[in-house]
Amino acid sequence: MSTESISRVLEALSSLYSGTDRQTTKEANRWLESFQKKPEAWAVADYLLKAKDSNKGVCLFAAQTLKQKIVYDLRDLDDNARLQLRDSLVELIYDSPRDSKAVVTQLCLALADLAIQILPWKTVVADIVDKFGKTPENAIYLLEILKVLPEEVDSNLRIPLADEEYKMRSKELIEQNAEEVYNLLTLFMQTPGDNIEFRERTFKCLSSWIKVGAITGRMLSNGPMLQLAFDGLTSDDLFDVAVDVVSEIIYETRDVAENQSTIEKIYPYFTAILPKLREAIKENDEDAVRGYSRIFAEAGEAYVILIATHPEAFKTLLEGILECTAYHDLEIVPVTFKFWFELTNILETEKYMGAIPQLAHYYDNLVDIMIGHLHYPPDVDEMTAEERDDFRDFRHKMGDTLKDCCRILSPQRCLTKPMNLLANLLNHPESTWQQLEAPIFSLRAMGSTVPADENTVMPHIMEFLSKLPDHPKIRYAATLVISTYSFWTESHPQFITYQLNFISSGFQNNEVAAASALALKNLCKDCSAHLVDYISQLHIFYLNVVKSLPYRDVIEVTEAVSHVINVLPLTEVQKALELFCLPVVQDLHNLVIKGKEGTTKDERTHIGDLLEQIGVFFYFIHPKNSDNQGHPCITIISEIWPVLELTLTNFSDVMTICDPLCKCFNNFIKSYDPYFIPLLPRLMDLLVKSFELTGLSVYLWVSLKVIRKYAKDEGEGAAACSQLVQRLSQAVFIKMQGQQVSDMPDVIEEYFLLVGSYLERAPTLCIQDPSLSIVFQAGLSALSITEPHALQSVLDFYHKLLRTVNYVPRLRSLFEEQGRNLTAVLFNGLIDFYTYDSIFDVVPLFQSMAEHLHEHTLRWMLSVLNDIPEEYMSVGLKNEFMTNWTK
């Protein structure tokens with residue numbers, strides 16, 4: 001350890017915590033992360049923790065460094081050094097100031113992770129208790145260590161132990177000590193005094209051991225801790241942590257057959273806490289209601305089978321859960337939704353459906369409660385955008401609970417409730433729009449449970465919509481009801497004319513237009529066959545309405561008419577497309593002919609919108625052509641091609657234009673497959689030239705779609721695809737020489753997806769391609785990238801090469817020539833700059849190399865290890881690595 005290293009760490013920490021320049025802070029963080037991987041970080045971290053002048057920030061970094069080194073680099077230390085580290089950590093914790101909680105937590109985590117890995121240390125818990133359990137002050141540290149130990153054993157999957165070693169340590173550290181820890185915690189809780197922090201930490205420690213299943217329901221039922229946990233609910237200071245403990249106890253007893261005796265002791269406590277819940281609701285104590293709601297909901301989920309078996313016996317629990325669901329705070333209510341879902345699933349099974357009559361009234365109340373919660377608040381206009389979004393999300397969650405009610409009570413019974421409520425509200429002129437809109441929304445929310453042949457309630461609902469007030473919020477909700485039930489309308493076409501009129505009138509109101517667009521889309525999608533005769537009216541309507549609608553709504557309406565055109569007789573499709581699509585193309589031409597310099601920003605945005613609109617037509621309109629003659633849609637595409645070509649010529653570097661245009665190209669490929677082949681050469685030429693000019697990855701993306709569709713060793717498009725890959729490869733190589741690969745992750749990702757797909761679809765053509773060796777070398781450069789998706793695409797490319805390496809001499813020669821470089825790049829990435837998650841992508845490639853090129857890979861790996869400086873990897877660690885590698 002050098003003083004220079006310590007000074008550099010302190011300097012970097014100062015920049016990290018106090019720096020004002022973002023780039024400087026970023027560089028400091030990166031340097032510190034790199035330093036933590038070095039062997040000297042052990043000594044530096046130890047020194048900083050023991051230095052008297054180290055502030056909390058420095059100590060926290062040092063403690064985190066030790067924890068990280070223990071998890072990832074413990075192999076650096078021999079057995080004696082590990083024991084010295086253990087003793088040092090124990091003393092550091094013992095001597096830590098009481099106000100250094102964050103540092104102490106990291107040290108305790110480090111000690112726990114170390115204890116797991118020192119396999120000969122069999123008396124961990126006993127030694128820790130002996131060291132820290134003699135005074136209340138030090139017992140705080142004991143409780144923290146005991147709290148994190150089972151958590152690390154259970155969840156820290158990064159500790160490098162074999163499965164059998166993990167199981168052994170879990171048994172030695174947790175299972176065999178559970179009884180002792182339980183007795184110790186019971187003793188602590190029964191110790192006289194009012195040390196709230198001590199009791200709180202004891203509860204947290206208990207919760208941790210229950211959570212991993214070490215302290216069982218049997219232990220709890222045979223001791224005083226169950227009573228102590230529920231007693232904690234009466235203390236304002238301990239209430240939150242007591243809720244955690246009680247919830248964990250209940251969850252631990254979810255196996256009702258195994259824990260029957262414990263549940264019999266737990267359930268009577270609900271008789272005592274139900275009045276507490278009601279009192280908290282009455283006093284509007286939201287924190288208390290939140291805690292009790294969690295307990296009731298946890299119990300409901302854990303004991304749902306018992307509830308379905310003995311509904312009357314669990315009446316207290318059901319009433320408590322229902323009252324929690326009915327509470328006004330909509331942040332608390334959702335905690336109960338999972339219970340209702342689980343209960344619904346149970347009651348639908350043959351074994352338990354006999355309990356439905358006894359539980360039906362709870363679901364009746366639940367429907368009423370949900371409709372009540374659906375009300376927008378009176379001050380809705382004062383809500384922030386985030387609050388509005390949160391409330392909308394919550395409404396959809398309530399909609400799921402309403403669906404649960406339909407499954408138990410029947411859709412008809414549930415739909416009748418909002419219908420009757422609406423009828424009653426309409427008789428009272430003072431009813432607000434919020435009161436009316438909520439039951440309308442509930443009708444929509446329950447839509448997926450209603451059968452298409454329902455003829456009892458649905459006809460009345462559809463007729464009732466016309467009686468609703470012409471308020472935009474109500475009209476919006478009613479229009480979405482029509483949208484939701486378009487599948488039902490398909491079986492009841494007598495309502496189509498009425499619904500079309502209802503929907504079309506909504507376009508005249510800006511607040512309703514979006515709902516009308518969605519409703520028209522769904523109606524045309526589900527009822528397309530019934531709407532063929534309306535094509536002339538839809539044409540007039542479409543040309544008029546798209547002029548005034550926002551872009552998103554135009555897309556919805558375009559999809560709507562496309563669904564109808566798609567089911568027209570094939571002889572009529574071309575004419576329909578000319579009527580609907582060509583006016584849009586004309587608008588596009590009028591703009592793109594001006595060129596980039598002649599258009600404003602808004603006009604360029606509108607060009608992108610028009611392209612997406614055109615793309616919608618060719619995504620949804622793909623009628624089958626059984627006579628294998630020319631396709632009517634290809635005729636239209638050929639007609640509009642010059643406009644698309646002009647668009648790309650003038651705006652190839654404008655992402656808001658080339659992106660939707662490339663999606664158009666993809667739709668052509670996807671929808672018309674063999675019929676599009678005559679246009680492929682023109683498309684390919686456009687893509688290559690545009691990529692050469694701009695370097696935008698979207699052109700590679702479309703090229704990938706071309707390769708996946710048309711590349712075959714023997715096929716009509718084989719030669720064209722081969723030329724496309726060669727030309728794009730040359731362009732990509734030039735780009736890679738001119739800039740850092742880290743600055744072009746999207747290009748790297750799409751290109752290697754492209755060549756990987758080419759290898760899969762046309763292996764012979766790909767392997768014979770003269771540029772394959774250059775692609776291989778380009779991949780080596782690309783492996784320096786850290787962006788996960790880009791890295792994955794390169795790794796996948798090499799995986800695909802390796803699958804045939806033993807059968808193709810050219811590939812084997814490539815790996816023999818470049819395999820050492822490939823190994824070096826991958827290994828350096830693992831120890832230096834790849835993210836943790838990337839390790840799970842890189843390691844399988846090494847395994848594949850070892851499988852297919854075993855002797856070569858051994859030689860390459862040994863050569864790479866010898867080149868790594870000892871400051872990063874000791875000789876002993878290198879030898880250990882190679883020993884494990886050769887197993």
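**Note on charges and burial in the predicted model**

1. Glu-164 and Lys-167 are both exposed. This is a predicted model. The two residues form a salt bridge, with the closest N and O atoms 3.8 Å apart. They are separated by about one helical turn, because they sit three residues apart in helix 9 (residues 163-173).

2. The salt bridge count comes to 41. One of them joins Asp-244 and Arg-294, at 2.4 Å from N to O. Asp-244 is partly exposed at 29% relative accessible area. Arg-294 is partly exposed too, at 30%.

3. Arg-290 pairs with Asp-329 in a salt bridge, the closest N and O atoms being 4.0 Å apart. Arg-290 belongs to helix 17, while Asp-329 is in the loop between helix 19 (315-325) and helix 20 (337-347). Arg-290 is partly exposed, with 33% relative accessible area. Asp-329 has 10% relative accessibility, so Asp-329 counts as buried.

4. A further network joins Arg-278, Lys-315, Glu-319 and Glu-323 through salt bridges that share partners.

5. A negative surface patch includes Asp-379, Asp-381, Glu-386 and Asp-393. Glu-386 lies in helix 22 (residues 385-409). Its relative accessibility is 58%, so Glu-386 counts as exposed.

6. Thr-262, in helix 15 (residues 260-266), is buried at 1% relative accessibility. Its side chain reaches the backbone oxygen of Gly-217 at 3.1 Å.

7. Trp-42 is placed in helix 3 (residues 41-50). Trp-42 is buried, with a relative accessible area of 10%. The C-alpha atoms of Trp-42 and Leu-74 are separated by 9.9 Å.

Terms used. Residues are numbered from 1 along each chain as its sequence is written. This is a predicted model: local features need pLDDT of at least 70, side-chain atom pairs count only at pLDDT 80 or more; totals for chains, interfaces and linings use all residues. Side-chain values use heavy atoms; hydrogens and water are left out. Patches are made of residues with over 30% relative accessible area and no salt bridge: like charges are joined within 9 Å, nonpolar side chains (Val, Leu, Ile, Met, Phe, Trp, Tyr) within 5 Å. Accessible areas come from the Shrake-Rupley method with a 1.4 Å probe; for residues, only the protein chains shown count as cover. A salt bridge is a side-chain nitrogen of Lys or Arg within 4 Å of a carboxyl oxygen of Asp or Glu. Lys and Arg count as positive and Asp and Glu as negative; His and the chain ends are not counted. The place of a charge is taken as NZ of Lys, CZ of Arg, CG of Asp or CD of Glu. Helices (H or I, at least four residues) and strands (E, at least two) are DSSP runs, numbered from the N terminus. Buried means under 20% relative accessible area, exposed over 50%, partly exposed in between (1.4 Å probe, protein chains only). A polar contact is a pair of N or O atoms within 3.5 Å; within protein, one must be able to donate a hydrogen and the other to accept it, and residues adjacent in sequence count only if both atoms are side-chain atoms.
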